Amino acid sequence: MTLSARKVAATAVTAVLGAALAGCGGGASSDAGREARLGTPAATASGAPAASPQNGAPASPQAGAPAKAPTLAPGPNGLTPVFERAKQQTDKTVALTFDADMTSDQGPRAADGEHFDNPQLISTLRTLKVPSTVFMTGRWAEEYPDQTKSIGTDPNFEIANHSYSHHAFKSPCYGLPALDGAAARADVDRAFAAFRQAGAVNTVPYFRFPGGCYDDQALRALSTAKVTAVQWDVVSGDAFAKDPDAVAQQVLAGVKPGSVVVMHCTRSAAPVTEEAVRKIVPELRKRGYRFVKVSELIGK
């Protein structure tokens with residue numbers, strides 16, 4: 001989230017949401033993490049997540065799902081690899097990604113009528129025929145199982161892991177509560193389990209750190225999950241934004257061939273995203289861009 005976007009979060013309620021959404025356009029990485037951006041897909045999809053300790057079921061896409069998505073080879077010393085932009089940067093492709101954020105303690109607010117979902121955004125992406133990757137928290141999947149199944153069975157979309165709780169994997173991170181290594185690994189498994197429980201099959205072995213915050217310890221903690229961490233190179237600034245034109249202009253100014261754009265699928269905290277998308281998509285197509293899922297960028 002940009003500084004100007006954070007300033008909009010003036011009340012205590014939005015400040016809490018700010019911690020949940022913050023850094024989906026920021027975050028810090030480590031030197032080894034930078035080295036882990038190999039840009040080379042692994043020969044096979046051996047990057048499917050490991051078995052969940054909760055039920056023993058594989059955390060990768062279940063039987064009947066599309067072919068497993070490509071992953072990157074591990075980084076130095078087996079660290080989880082990190083991807084933020086396609087290595088092949090001459091093809092005019094771009095991936096719009098949407099973080100479906102909900103923290104583990106926001107259930108009461110959802111029960112009171114707060115909308116952490118954005119079905120109109122998903123509908124618009126379908127209407128515009130924009131393949132997209134949704135980075136979903138497990139708590140969001142539990143709150144909106146029907147939408148999770150709808151997204152996760154639509155070939156237009158793929159669901160990636162954004163943790164279960166949206167707690168930080170590195171501290172400090174925008175005021176988010178922090179998880180230790182073992183808890184972080186279990187949090188990832190729990191999110192994949194929530195996707196399966198909802199009936200999603202188009203899941204991919206990709207992970208986005210809450211807040212975008214990670215270091216070597218976080219990359220090491222997830223190494224056994226066999227996921228590729230996915231960051232971004234274009235910040236939309238849609239969190240708490242009120243002007244869809246400003247969001248659209250920020251995206252249009254930043255996109256380059258092979259870009260990954262970070263946006264949000266959370267009505268209460270990113271209310272103008274759908275309108276911004278309706279401005280972004282035709283303009284980028286006019287410029288010759290083709291929209292793809294993250295799996296296609298990684299597979300190049």
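## Phe169 and the nonpolar cores

Leaving out residues up to four places away in sequence, Phe169 touches Ser163, Leu179, Ala184, Asp187, Val188, Phe207, Phe209, Pro210, Cys213, Ala218 and Leu222. The model described here is a predicted one. Phe169 belongs to the largest nonpolar core, which has 58 residues. Within this core, Phe169, Met136 and Phe209 are the residues that touch the most other members. Helix H8, residues 181-198, supplies the largest share of the core, with six residues.

In soluble globular proteins, nonpolar side chains tend to be buried together.

Asn161 is part of strand S4, which covers residues 157-161. Asn161 counts as buried because its relative accessibility is 0%, and the cut-off for buried is under 20%. A polar atom of the Asn161 side chain lies 2.7 Å from the backbone nitrogen of Ser163. Apart from residues up to four places away in sequence, Asn161 touches Phe135, Met136, Val188, Ala191, Phe192, Phe195, Tyr206, Phe207 and Arg208. One of these, Met136, is also among the residues with the most contacts to other members of the largest core.

Val230 sits in strand S6, residues 228-230. Its relative accessible area is 0%, so Val230 is buried. Once neighbours within four places in sequence are set aside, Val230 is in contact with Phe83, Phe135, Tyr206, Phe207, Arg208, Val294 and Ile298. Val230 and Arg85 are separated by 145 residues in sequence, and their C-alpha atoms are 8.8 Å apart in space.

## Packing of H10 and H11

Two packed helices are described by the angle between their axes and the distance between the axes. For helix H10 (residues 244-254) and helix H11 (residues 273-286), the axes come within 8 Å and cross at roughly 35 degrees. The crossing of H10 with H11 is right-handed.

On the H10 side, the contact is made by Pro244, Asp245, Val247, Ala248, Val251 and Leu252. On the H11 side, Glu275, Ala276, Lys279, Ile280, Glu283 and Leu284 take part. Eight residues of this contact are nonpolar and four are charged, with no polar ones.

## The loop between S4 and H8

Pro172 is located in the loop that runs between S4 and H8. The peptide bond joining Ser171 and Pro172 is cis, with omega at about 0 degrees.

Tyr174 also lies in the loop between S4 and H8. Phi of Tyr174 is near 55 degrees, a positive value in a residue that is not glycine. Tyr174 counts as partly exposed because its relative accessibility is 33%, and that class lies between under 20% for buried and over 50% for exposed.

## Asn77

Asn77 is found in the loop between helix H3 (31-35) and strand S1 (82-83). Asn77 has a positive phi, near 60 degrees, and is a residue other than glycine. With a relative accessible area of 81%, Asn77 is exposed, whereas Asn161 is buried at 0%.

Conventions
Residues are numbered from 1 along each chain as its sequence is written. This is a predicted model: local features need pLDDT of at least 70, side-chain atom pairs count only at pLDDT 80 or more; totals for chains, interfaces and linings use all residues. Side-chain values use heavy atoms; hydrogens and water are left out. Axes are lines fitted to C-alpha atoms, for helices over the stretch in contact, and angles run from 0 to 180 degrees between N-to-C directions. Helices (H or I, at least four residues) and strands (E, at least two) are DSSP runs, numbered from the N terminus. A crossing is left-handed if the near helix is turned anticlockwise from the far one by less than a right angle, and right-handed if clockwise. Contact means heavy atoms within 4.5 Å. Ala, Val, Leu, Ile, Met, Phe, Trp, Tyr, Cys and Pro count as nonpolar, Asp, Glu, Lys and Arg as charged, and the others, Gly among them, as polar. Buried means under 20% relative accessible area, exposed over 50%, partly exposed in between (1.4 Å probe, protein chains only). A polar contact is a pair of N or O atoms within 3.5 Å; within protein, one must be able to donate a hydrogen and the other to accept it, and residues adjacent in sequence count only if both atoms are side-chain atoms. A nonpolar core is a set of buried Ala, Val, Leu, Ile, Met, Phe, Trp, Tyr and Cys residues joined through side-chain atoms within 4.5 Å.
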